[in-house]
Amino acid sequence: MMNDLSSYLILFNISKKQNLGNLIRTANALGVSQVLVVGRKQFRQFGAFGTSHCSQLQHFYALDEACVYARQMGCDVCGIEIHAESKPVQTHPFRRSTAFMVGNEGEGLTQQQLQACDYFVQIPQYGRGASLNVNVAAGIVLHHFAVWAQFVGNPSRDGKFFAPGEASDSPTGV
């Protein structure tokens with residue numbers, strides 16, 4: 001990684017349990033250091049089955065607590081949102097380690113979330129849909145950050161990626 005940069009993902013006001021799990025799985029695959037879960041002490045990690053044990057989850061009761069924590073970790077807070085001040089993600093407007101915040105599946109970021117953000121990114125779209133699925137949007141932005149931060153990709157074998165040190169000489173590669 002460039003200069004020890006890190007990414008974080010703040011999950012607040014996500015209504016669908018399946019999306020929570022999928023977001024955790026995506027965050028894990030794209031090198032997120034910690035997922036900051038706000039408000040839900042216990043939840044089922046549906047889409048994260050198989051990767052949740054590898055993910056660093058940190059719980060917060062309030063959004064402002066999560067944002068304070070992220071800033072103490074040296075992060076900007078970046079909202080992933082279609083917003084008048086949003087910068088296109090492909091321009092890589094990142095400045096340092098970043099905690100990314102996604103919005104609710106139907107309504108986007110709340111007013112409280114908007115006010116908590118230092119800046120915003122959006123994903124230009126070319127079709128007729130109004131927006132992307134929250135997990136897809138997070139994945140695209142987290143991938144762009146990983147490229148910008150020069151994260152080192154995991155090796156792969158036989159159609160699967162594995163973390164360094166987890167590979168063996170077995171035919172499956174894990």
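Helix 1 (residues 17-29) lies across strand 1 (7-11), strand 2 (34-38), strand 3 and strand 6, and runs at about 175° to strand 1. Helices (H or I, at least four residues) and strands (E, at least two) are DSSP runs, numbered from the N terminus. Axes are lines fitted to C-alpha atoms, for helices over the stretch in contact, and angles run from 0 to 180 degrees between N-to-C directions. The model is a predicted one, in which local features need pLDDT of at least 70 and side-chain atom pairs count only at pLDDT 80 or more, while totals for chains, interfaces and linings use all residues. Residues are numbered from 1 along each chain as its sequence is written, and side-chain values use heavy atoms, with hydrogens and water left out.

**The chain as a whole**

Four helices and nine strands make up the secondary structure of the chain. Read from the N terminus on, the elements follow the pattern β-α-β-β-α-β-β-β-α-β-α-β-β. Of the 174 residues in the chain, 43% are buried. Here buried means under 20% relative accessible area, exposed means over 50%, and partly exposed lies in between (1.4 Å probe, protein chains only). Among the contacts in the chain with a separation of 6 or more, 65% join residues 24 or more positions apart; a contact means heavy atoms within 4.5 Å.

Seven strands form an open sheet in the order 3-2-1-6-4-7-5, with parallel pairing. Strand 3 (57-60) and strand 5 (87-88) stand at the edges with a single partner strand each, so one side of each is left without a neighbour in the sheet. Two strands count as paired if DSSP finds at least two bridges between them.

Let us look at strand 6. Strand 4 (residues 76-80) pairs with strand 6 (residues 98-102) in the parallel sense over five bridges, and Asp76 stands opposite Thr98 in strand 6. Ile80 has Val102 in strand 6 as its bridge partner. Strand 1 also pairs with strand 6 in the parallel sense, over four bridges, and here Leu9 has Phe100 as its bridge partner.

Thr98, Phe100 and Val102 point one way from strand 6, while Ala99 and Met101 point the other way, and all are buried. Because five of the five residues of strand 6 are buried, this strand is largely enclosed by the rest of the structure.

**Helices beside the sheet**

Helix 2 (residues 63-72) lies across strand 1, strand 2, strand 3, strand 4 and strand 6, running at about 160° to strand 2.

Helix 1 also meets helix 4 (residues 134-148): their axes come within 9 Å and cross at roughly 15°. The two helices are therefore roughly parallel to each other, a label for angles under 35 degrees, with over 145 being roughly antiparallel, 65 to 115 roughly perpendicular and the rest oblique. The crossing of helix 1 and helix 4 is right-handed, meaning that the near helix is turned clockwise from the far one by less than a right angle. At this meeting, Asn19, Asn22, Leu23, Thr26 and Ala27 come from helix 1, and Val134, Asn135, Ala138, Gly139 and Leu142 from helix 4.

Asn19 sits in helix 1 and is buried, with a relative accessible area of 7%. Beyond its neighbours within four places in sequence, Asn19 is in contact with Ile14, Glu105, Asn133 and Val134.

A search of the whole structure finds zero disulfides, a disulfide being a pair of cysteine sulfur atoms within 2.5 Å. Cys117 is in no disulfide, and its nearest cysteine sulfur, that of Cys78, is 6.9 Å away.

Pro88 belongs to strand 5. Its C-alpha is 5.2 Å from that of Gln122, although Pro88 and Gln122 are 34 residues apart in sequence. Leaving aside neighbours within four places in sequence, Pro88 is in contact with Pro93, Gln122 and Pro124.

Most residues other than glycine have a negative phi. His92, in the loop between strand 5 and strand 6, has a positive phi near 50°. Asp158, in the loop between strand 8 (156-157) and strand 9 (160-161), has a positive phi near 55°.

The table gives the accessibility of some of these residues.

| Residue | Relative accessibility | Class |
|---|---|---|
| Cys75 | Cys75: 0% | buried |
| Cys117 | Cys117: 12% | buried |
| His92 | His92: 22% | partly exposed |
| Pro88 | Pro88: 29% | partly exposed |
| Asp158 | Asp158: 54% | exposed |
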